[in-house]
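I opened this entry to record what I looked up in the structure. The notes follow in the order in which I made them.

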Amino acid sequence: MPHSHDAADSIDDALEASKEGVRALKISLFVLLGTTVLQLGVVLISGSVALLADTIHNFSDALTAVPLWVAFILGRRTASRRYTFGLGRAEDLAGLFIVMVVALSAVVAAWQSIARLLDPHPLENLWWVVAAGIIGFAGNEAVAIYRIRVGQRIGSAALVADGVHARTDGFTSLAVVVGAVGAMLGFPLADPIVGILISGAIIVLLWGTVRSIGRRLMDGIEPELVDRATTALLAVPGITTVNRVQLRWAGHRLQGTALVSLDAASTVVAAAIVDDARQAVDRALPNLDDFLIAQQPHGTS
């Protein structure tokens, strides 16, 4: 998806990416809410705390789409004199909020499971619990595939992380099925034990999300993107050396600079080389919004 460095083209690219992200969030939000309602109905007739833990988590996952939705809308705004880089970072801040909500859901689910472990209650309608666990897996997997696919296409780490999280949640729904089968086989404590394991798995998986979002907030970048930009620059005739490449994410859009040495006899030739270089980096990094190329002054290192 190459594009020019014309300001209007960059804005159009960003708007289109945000629209795709919002559309993915809308669809996945309704799918997860539907899954949650079905599971909640089974919780009420079965009393399964493992399924309750999974239902609470699916509901919190559905709600986390809301701040990310708002962040995508804010990211559409153009830069201003106060926010000269725009509001793309709202997406990463929404990611932090998502982490806190999911962590809270894990604590609530663990508390319910421990209470049931200390004060066991007989379970009912276990086949319904099995069916609800399978529904939870199917709903989460559908959401995961969709979010990851769109997130990778538009370059949104938050949306990809949300998709990976949904995929893992699908496997926790299958764990609910294991707990129900254990109860059928005469081990009723399997249900609260699975609920505790689900809560622990949620906390462990959150660590990867925290690292990904924290890295972006600290202007961390995937090294392979720097390599792609460097390779693209070196392939441009007239560029002898790439002295420095800097990239950073602003939400799901890239911004960056490069310092290069040119083999140019005149200012006109140098300007043409720089223009070719910008286009080359655009082709290498489709999510690029702005990339400034500066010439290394002669006699410096």
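I looked up S261 and, leaving aside its neighbours within four places in sequence, found contacts (heavy atoms within 4.5 Å) with G238, I239, T240, T241, N243 and Q296. I worked on a predicted model, in which local features need pLDDT of at least 70, side-chain atom pairs count only at pLDDT 80 or more, and totals for chains, interfaces and linings use all residues. Residues are numbered from 1 along each chain as its sequence is written, and side-chain values use heavy atoms, with hydrogens and water left out.

I placed S261 in strand β2; strands (E, at least two residues) and helices (H or I, at least four) are DSSP runs, numbered from the N terminus. S261 is buried, at a relative accessible area of 15%; buried means under 20%, exposed over 50%, and partly exposed in between (1.4 Å probe, protein chains only).

I then checked the pairing, which requires that DSSP find at least two bridges between two strands. β1 and β2 run antiparallel and are joined by 10 bridges. I noted L262 of β2 as the bridge partner of I239. In their hairpin, with 2 residues between the strands, G251 has a positive phi near 70°.

**Helix α8**

I next listed the buried residues of α8: L225, A229, A232 and L233. They lie on the same side of α8, because they cover an arc of only 100° around the axis, taken from the directions from the helix axis to the C-beta atoms. The face turned away from this buried side carries the exposed residues P223 and T231. I recorded that the cover over the buried residues of α8 includes β1 (239-250), β2 (253-262), α9 (267-284) and β3 (288-295).
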